[in-house]
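Here is a short report on one protein structure. It covers a pocket and a pair of helices.

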Amino acid sequence: MSKEPRDDSVGALAADLAAHLEHLERFGGVRYLDAPAPRSGGGSGANPRSSPGATAPGSERAFTSAGRPQEQLAAGAVAAAPGGSRQQTADPASWTPAQKLIHLQQRVIGACRRCPLCETRRNIVFGEGSARARIMIVGEAPGAEEDNTGRPFVGAAGQRLNSWIEAVGLERRGVFIANVLKCRPPNNRDPFGPEVMACSKFLRAQIRAVRPALLVALGRFAASALLGRPVRMNQAMGRLHSYRDPRDTGERPVCVLYHPAYVLRQDRGPDTGEIGKPENEKVIEELRRAVAEVFGANGPA
Ligand code: URA
């Protein structure tokens, strides 16, 4: 039984519901999320079966829904393809992480229409980075710039996230960056329960594909989704938590950090106009400590 105070916020309830449905599906044999039905017209996101740019898993290029190559994922896919082969191995159990990600992106998520966000999005923001990353960073949902480009964390919050990654001696291209929701909620509103229910399953599949040794949750929403319970930031920061997936073996440590958008808001002190030091420094310190705890002094290989 959690000792956390009860949190009835939409995000917390949505995370609970998503975890419950995941459990039902796993143990009750109920299937809640089917492969996308290809539909012509309406909404955005390229249909992988009809897009001229789409390629089979294991091939050299992966595309965002906007049809642009995802360089890092594409590079991972080439490196990971057995013997550089363009053939997809029949047995999914033998797929490389990159092959699993490409399959998830193109064949499972496809031109997703599982929730109403498909009507307002410009691009599905699948995520990007090394398919063999030891660290996966998880945000809440794409914002305007992410929706426009099809890439996660490329706006102001992304710049701040990049600075944290560099401050602890890592490279953005060496980690994998994803969000709980793959489509932008209109006006960046909080995600709704059914949206989380429809989408968090893809995040779990991404984690099973990449198998990171450390998960980093940015903000309360991502933390609640990963931990399967309502999270209060001030209680959650400062120690590692545990991510579990009944469809996977073992547990993965989770480091909970403030969302960069929140830290950016703290920056704008009305008096000084200075960069808001305490929250920013706290995040860097926490991230550095988590990386050292999980990987030792030399960091991830
Ligand atoms: N905020 C998020 O949570 N994710 C993004 O990709 C961008 C901003």
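## The largest pocket

In this predicted model, 30 residues line the largest pocket, and Glu140, His259, Ala261, Tyr262 and Arg265 lie nearest its centre. A pocket here is an open set of points on a 1 Å grid over the protein atoms alone, where a 1.4 Å probe fits, with protein on both sides within 12 Å along at least five of seven lines; lining residues have an atom within 4 Å of a point. The space in the largest pocket is about 750 Å³.

Helix 9 gives the largest share of the lining, 4 residues. Helices are DSSP runs (H or I, at least four residues), numbered from the N terminus. The table lists elements that give two or more residues to the lining.

| Element | Residues |
|---|---|
| helix 4 | 144–149 |
| helix 7 | 219–227 |
| helix 8 | 233–236 |
| helix 9 | 260–267 |

Helix 5 also belongs to this group.

## Helix 5 and helix 10

Helix 5 (residues 156–167) and helix 10 (residues 277–295) have axes that come within 9 Å and cross at roughly 45°. The two helices are therefore oblique to each other. On the helix 5 side, Arg160, Trp164 and Ala167 make the contact (heavy atoms within 4.5 Å). Their partners in helix 10 are Asn280, Val283, Ile284, Leu287 and Arg288.

## Basis

Residues are numbered from 1 along each chain as its sequence is written. The model is predicted, so local features need pLDDT of at least 70, side-chain atom pairs count only at pLDDT 80 or more, totals for chains, interfaces and linings use all residues, and side-chain values use heavy atoms, without hydrogens and water.

Conventions. Axes fitted to C-alpha atoms, helices over the stretch in contact; angles between N-to-C directions. Parallel < 35°, antiparallel > 145°, perpendicular 65-115°, else oblique. Points joined across faces, edges and corners; volume = space filled by probe spheres on them.
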